[in-house]
Amino acid sequence: MVVEHFKDDKNKDIYPLLQKKSRIMPDGLKYLDSWISADFSRCFQLIECDDTDLFQEWVSQWQDLFELEIIPVVTSKNTIKIVTTSPSH
């Protein structure tokens, strides 16, 4: 999960860029979906990736418009499998 924190009300600058240039993601990062907070201050993106180095490449292209918080997440379905098959449970 990627949380974009828009800088200095730059959210108005980002959307025209996205329409013009797409997300400018390196091969290997797969955009799945996104949600915008009601106050337009943050964007929550679900991105699939096996190589975390690609996130650094992507972040470097957008750091002037927002700060990115990258949080590795696992689906609830997979978490249930891990927890219920773990030897400690």
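Reader: Start with I36. Buried or exposed, or in between?
Author: This is a predicted model. In it, I36 is partly exposed, because its relative accessible area is 37%.

Reader: Which strand is I36 found in?
Author: Strand 2, which covers residues 30–36.

Reader: OK, helix 2. Which of its residues are buried?
Author: Helix 2 spans residues 53–62, and L54, F55, W58, V59 and W62 are its buried residues.

Reader: Why say they line one face?
Author: Looking down the axis of helix 2, the buried residues fall within an arc of 135°, so they line one face of the helix. As background, an α-helix has 3.6 residues a turn, so residues three or four places apart point the same way.

Reader: What exposed residues does the face turned away carry?
Author: D53 and Q56 are the exposed residues on that face of helix 2.

Reader: Now the largest nonpolar core. Which members touch the most others?
Author: The core has 13 residues, and L29, I47, F55, W58 and F66 touch the most other members.

Reader: Which elements each supply at least two residues?
Author: Strand 1 (2–6), strand 3 (42–48) and helix 2. Helix 2 gives the most to this core, with 4 residues.

Reader: Last one, F66. What is it in contact with, leaving aside neighbours within four places in sequence?
Author: F66 is in contact with E4, H5, F6, K7 and I14.

Terms used: Residues are numbered from 1 along each chain as its sequence is written. This is a predicted model: local features need pLDDT of at least 70, side-chain atom pairs count only at pLDDT 80 or more; totals for chains, interfaces and linings use all residues. Side-chain values use heavy atoms; hydrogens and water are left out. Buried means under 20% relative accessible area, exposed over 50%, partly exposed in between (1.4 Å probe, protein chains only). The arc is that of the directions from the helix axis to the C-beta atoms. A nonpolar core is a set of buried Ala, Val, Leu, Ile, Met, Phe, Trp, Tyr and Cys residues joined through side-chain atoms within 4.5 Å. Contact means heavy atoms within 4.5 Å.
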